[in-house]
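Welcome, and thanks for taking a look at this one with us. Please have the sequence and the coordinates at hand as you read.

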Amino acid sequence: MAAMASRRNPLLTSLPLYLTWRSLRYRTICSGHLGFASSSPSISEQIPVPGMKVLETFKEEFEIGSRSITFETGKIARFANGAVVMSMDETKVLSTVASSKGDAARDFLPLTVDYQEKQFAQGVIPTTFMRREGAPRERELLCGRLIDRPIRPLFPAGFYHEVQVMASVLSSDGKQDPDVMAANATSAALMLSDIPWGGPIGVIRIGRICGQFIVNPSMDELSLSDLNLVYACTRDKTLMIDVQAREISEKDLEAALRLAHPEAVRYLEPQIRLAARAGKSKKEYTLSMVSDITFEKVRNLAEAPIEAVFTDHRYGKFERGEALDLITQDVKRALEEECDEESLKVLPKVVDTVRKEVVRRRIIAEGLRVDGRHLNEVRSLYCESGNLPILHGSSLFSRGDTQVLCTVTLGAPGDAQRLDSLVGPPTKRFMLHYSFPPFSINEVGKRVGLNRREVGHGTLAEKALLAVLPPEEEFPYTVRINSEVMASDGSTSMATVCGGSMALMDAGIPLREHVAGISVGLVTEVDPSTNTIKDYRILTDILGLEDHLGDMDFKIAGTRKGITAIQLDIKPAGIPLDIICECLEPALRGRLQILDRMEQEINAPRTQHYRNSPRLATLKFSNDSLRRLLGPMGALKRKIEEETGARISVSDGTLTVVAKNQSVMDKVQEKVDFIVGREIEIGGIYKGVVTSVKEYGAFVEFNGGQQGLLHISELSHEPVVRVSDVVSIGQQISLMCIGQDVRGNIKLSLKSTLPRPGSDTNNVVEGSIPITKQAPSVWASIGDVPDSEEKQNSDLEELPVAKDETSEGSLPTSKLPSFLIRSAAECDEEEKSAGFNQSSRNTSKPRSISGSNDKLKTSPPQNGMSDSAKNVKKSKISSQKEKDINSIFTILSMGEDGDKHGSAFNANSQNDLNDTKEVPETCTSAKNLKLGMKLNAKVYQIRTHGLVLDLGGGIRGMYRFEGDNDKRDFKVGDELHVMCSSFSTKGIPVMSLVEDE
């Protein structure tokens, strides 16, 4: 506008008003055009400019435990009866309170506390289908109970108007738990409202790291702390205690409580100052009070019969209840005769008050309890573990008439519960679900959704047992305990702790020690004028009636070493901290009595072989192997789970299998081994499938697609004529790995897994030379060696007999095998054929056993197959000698060029001569034979081009005739003095004669 004004004509601005365009009803010049101006005011003059709204806000800033804290009101939720935003760092919580306006005829306080954590507070969209928050989660219910328990006792007696508290997390940085902040914000909101309330209160959290207490610890500090104490109080009295600890002693807990009280009181003054600046004056509400005349009339009619019922210890829970109902009916008939309508309206409440006075007076004055026990006496106990044998773990625990059935179910790590809370861990591997069915108190009711009481009791027992569970590294199972209340007459949550501990040990979970819980009650006598406690009695192991008529329910659970969980709920407007600390000692004595009885039933975890316990296996595989196991879209994994009933979870390089029992685990591992494979060991038993059958044996696929040869000699202890008589294609068989040749090919044996016939003599493969003494075999794989071919294996294992080539000095056929002696031309032709077949099959080369450079592990024979394994070794050595001699004959038949051409042809026919031979230590072996070594040898065979020499220890060497003149009159068995002059390309010793001096 300033720029437009500067461009206007200066002559027009100097004209009188009556000569201006506006006076002539013309519009102002705009874009070079003229027009008539409207006589009405401009639009801009008609729209009022909105004013600036100022929100009057009030703040109180203070610091507790090195944390800066702010209470703020007046900016958000201005229509609520009371609204406060509490801030600590970047975490903000809004708490609002509202009360109904009309009066309602009821005899209780309908207080509702709703706590909500929405995902926007941490900048996350919910992962649900509708992408919005659903029903309240367990943590939200627990936080609501944490707010409810300290504020409820401070509402005045007779205030029965409906009150609703709503706490919402506005933002969370993940460093602070919003639950304590919500409780303090609720206290401040009640102080600002016009609702009558006896606050304020302060709520504080205390942790302990390395013996040092920490006020308002962060979430990171809580993860290292062995104490998580939430403490609520007024200026001089305790209202609520909630503890989760790792076996903290009573002395240390008392020190933590005495530290928490003054720190919590520091929250009170800021709330009082904020209420003085921005609070409303308290409204006069109608209180539902019973007149003194009505109370005296009903008491005179009911007190004597009620006292008679409570002095008779023969009454049980339900018999006592029926007797009290009859007394109420008698009083009702008497009031109906008098037509006292006012007394009839409040009759149930007045009778309950009279009953409360009778019981409390007898406990204070006479020290007598309802069931006749002493004040520090624990009810009779019954413990039974393993009562449901088919389950993973079970127990039945009874204390008096209270009875709880606990069961344990173990699952895979993937079965852990996922948590969507703003703070804390993302998953939970230990869960305890508490159920309180209506039949446990002989009532009729519906089972609906999550119940706040059930969630709270289950969480208390869960925290008590969590301290003794083994760490996840030692026990990776997911554990779920189900607690079913069978009968209720006081402190079923503490009975759940005892039953859950026994069930965990029954399931074989290595708990450090048992955990037991007990509930302690309190009965006080208050001076009406000063509202102070004149006298009190502490009750150990309270009944349900004593819980209802008493002032306190103090649940304490722990081991012999210390406390693991505490929950304190009170009915009056606070109890002195000294009395609460005094209750720790009788609770310890009662807890030790219960632990003694539990240890008599079961004092150590069961072994897994004792019962049908689940099995968990963690296997390590490469990611490629895991991809093969999963299959396309996980189809193969799902198929295994459906066939076996096991659960399989896969993470990076790790496969976790959870099976119902050992038989299911064996089935799963068998399928996994067949698909993925495992490291092969000599002597190990494997299952495989026959893929092809040859004349000389069968090829078997096993251990994740690896190939092995099952030779005909390894099919049975008895002679086998045809391979197809024993095995067929597609047949699944169990085999033993008996070795590996120098090329990495796997040798399998079926007869090693079969029981031997009833004979002490070792079975030897037909045609092999008996070996009298063998040392243990040591197998080593050699990398980058060509694989064997089927045809070449046939040539090696079953050579036809050539009658015209046998030497006149040959040994009898019953002791020596027969060999085919080929000419050089025949060998060249065979070499070409073998080379062609090998090149055409390289694309389907079988995999090595454990990689190119891996070695087979030697394991002892399994399943009692030691004798069979010995037979396998002897058979292997015998057939090995046939192969060695065959190679020597082939080289000798090829003349001087044998070293050149024999290498290609005999790549498979020369079968692992360098394998370690099993010979006595005094004989020559392949390891100690060196060039230039002189030794005595015997003529083993006489051939056209040379001799086959027996060097001793099963080692064969050769001596080549240098010319026709060198062909002497040698005979089989002649002893010669020879020297090792060289080795052939196959590693066969080439010997030369040493002339005798």
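Below is a short briefing on cores, strands, a helix pair and one arginine.

The model is predicted. Its largest nonpolar core has 130 residues, and another core of 26 residues lies apart from it. Strand β10 is largely enclosed by the rest of the structure, because nine of its 11 residues are buried.

**Nonpolar cores**

- Within the largest nonpolar core, the residues with the most contacts are Leu504, Ile509 and Phe554.
- Helix α5, spanning residues 178-192, supplies the largest share of this core, with 10 residues.
- Setting aside neighbours within four places in sequence, phenylalanine 554 touches Ile518, Ser519 and Val520, then Ile566, Gln567 and Leu568, and finally Ile580, Cys583 and Leu584.
- The separate core of 26 residues includes Val309, Val350, Ile363 and Leu539.

**Strand β10 and its partners**

- Strand β10 covers residues 238-248, and strand β9 covers residues 227-233.
- These two strands, β9 and β10, run antiparallel and are paired over seven bridges.
- The link from β9 to β10 is a hairpin of four residues.
- Cysteine 233 has threonine 238 in β10 as its bridge partner.
- Strand β10 also pairs with strand β21 (residues 563-570), again in the antiparallel sense, over five bridges.
- In that pairing, valine 243 stands opposite isoleucine 566 of β21.
- Isoleucine 566 is also among the residues in contact with phenylalanine 554.

**Helices α18 and α19**

- Two packed helices are described by the distance between their axes and the angle between them.
- Helix α18 (residues 623-630) and helix α19 (residues 635-644) have axes that come within 5 Å and cross at roughly 65°.
- On the α18 side, the contact is made by Arg628, Leu629 and Leu630, while α19 contributes Ala635, Leu636, Lys637 and Ile640.
- By type, the residues of this contact between α18 and α19 are five nonpolar, no polar and two charged.

**Arginine 956**

- Arginine 956 sits in strand β34, which runs over residues 955-960.
- Is arginine 956 buried or exposed? With a relative accessible area of 7%, arginine 956 counts as buried, because the cut-off for that class is under 20%.
- Which side chain does arginine 956 reach with a polar contact of its own side chain? The partner is the side chain of aspartate 950, at 2.9 Å.

Technical notes
Residues numbered from 1 in each chain as written. Predicted model: local features only at pLDDT ≥ 70, side-chain atom pairs only at ≥ 80, totals over all residues. Heavy atoms only, no water. Buried < 20%, exposed > 50% of the residue type's maximum accessible area, 1.4 Å probe, protein only. Polar contact = N/O pair within 3.5 Å; in protein donor to acceptor, adjacent residues only side chain to side chain. Core = buried A, V, L, I, M, F, W, Y, C linked by side-chain atoms within 4.5 Å. Contact = heavy atoms within 4.5 Å. Pairing = 2+ DSSP bridges. Axes fitted to C-alpha atoms, helices over the stretch in contact; angles between N-to-C directions. Nonpolar A, V, L, I, M, F, W, Y, C, P; charged D, E, K, R; others polar.
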